[in-house]
Amino acid sequence: MEQKPEVEIEHKDVAPDAELAGAIMKRHFRPSLIKSEAWEGYTFADLEIKIKESTDCYGAVLWPSAMVLCHFLDTHQETYNLVGKNVIELGAGTGLVTIVCSLLGAKVTSTDLPDVLGNLCYNVRRNTRGRCTYEPRVTELTWGQQLEERFPKASCGYDYLMAADVVYSHPYLDELMETFEHLCSKDTVILWAMRFRLDPENRFVDRFSASFHLEELYDLPSLHIKLYRAQKKVSGSQSHSEAAA
Ligand SMILES: C[S@@+](CC[C@H](N)C(=O)[O-])C[C@H]1O[C@@H](n2cnc3c(N)ncnc32)[C@H](O)[C@@H]1O
């Protein structure tokens, strides 16, 4: 019988659930007055961020995974200093992660499906204009499509790849995997907030860990979310904590 490869995930100082989940959720606020335009408010990088949502599609709603990733970035600015770093976000949706990375000083390429880009652009411009050193770029990236033409390996050089809640019951998990592989060099650090739902898509983590060293940064069972740091495996390479030891 074929043996299942062991999934190697490092668990290092994972913060306790309830307190952390509470702190993350406190970042959200609602406008005190009903205005003509509805928005949801978030506080990150000491600034108020206004996000317009709609119920049209997954990408038009802000998912808790995005808040988890933003909270981590905001509270780990020394270890993960984004100033002047090249960052790409996959499946940016309403744009919170892109906005927070930009407010923290990164040069961000924010990507999603074509239908989502209008609202994404609106939120990104509204919250970054005049507040950031580098204006973020919003552009289409449909997973697995035109990767080398639009994002040539030779010129990408991303320091970080951000992804929040990109794994769920969609039929593009192969294409998503291909996109992670294409965009990351051995030096690219992936910060990925994964919302656990059903088994078939949850197994993506096992598959992912065959190609990337995976380290668990947060485990939030009350939100069904884990935050991972990942880096491409290259032959003979060490994980982040092995290298630090
Ligand atoms: C659950 S939403 C998460 C949105 C955002 N990251 C957040 O956490 O609020 C999943 C995102 O992946 C995008 N997406 C789904 N399939 C995609 C594909 N094939 N190519 C690119 N983006 C895709 C959706 O448009 C959506 O923005």
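**Questions on a predicted model**

Q: Is His224 buried, partly exposed or exposed in this predicted model?
A: His224 has 13 C-beta neighbours inside 10 Å. Buried needs 20 or more, and exposed means 12 or fewer. The count for His224 falls in between, so the residue is partly exposed.

Q: Where does His224 lie?
A: His224 has a positive phi, near 60 degrees, and is a residue other than glycine. Most residues other than glycine have a negative phi. As for its place, His224 lies in the loop between strand S10 (212–220) and strand S11 (225–232).

Q: What is the phi of Asp165?
A: Asp165 sits in the loop between strand S8 (160–164) and helix H7 (173–183). Asp165 is buried, because 22 other C-beta atoms lie within 10 Å and the cut-off is 20. Asp165 is not a glycine, yet its phi is positive, at about 55 degrees.

Q: Is Asn127 buried or exposed?
A: Asn127 belongs to helix H4 (residues 117–128). Asn127 has 24 C-beta neighbours inside 10 Å. A residue with 20 or more counts as buried, so Asn127 is buried.

Q: How far apart in space are Asn127 and Ile49, C-alpha to C-alpha?
A: Leaving aside neighbours within four places in sequence, Asn127 is in contact with Ile49, Lys50 and Ile99. Asn127 and Ile49 are 78 residues apart in sequence. In space, their C-alpha to C-alpha distance is 6.0 Å.

Q: Over which residues is the pLDDT below 50?
A: The protein chain averages a pLDDT of 91, and 87% of the residues score at least 70. One stretch has a pLDDT below 50: residues 1–5.

Notes:
Residues are numbered from 1 along each chain as its sequence is written. This is a predicted model: local features need pLDDT of at least 70, side-chain atom pairs count only at pLDDT 80 or more; totals for chains, interfaces and linings use all residues. Helices (H or I, at least four residues) and strands (E, at least two) are DSSP runs, numbered from the N terminus. pLDDT is the predictor's confidence in each residue, from 0 to 100. Two residues are in contact if their C-beta atoms, placed from the backbone, lie within 7 Å.
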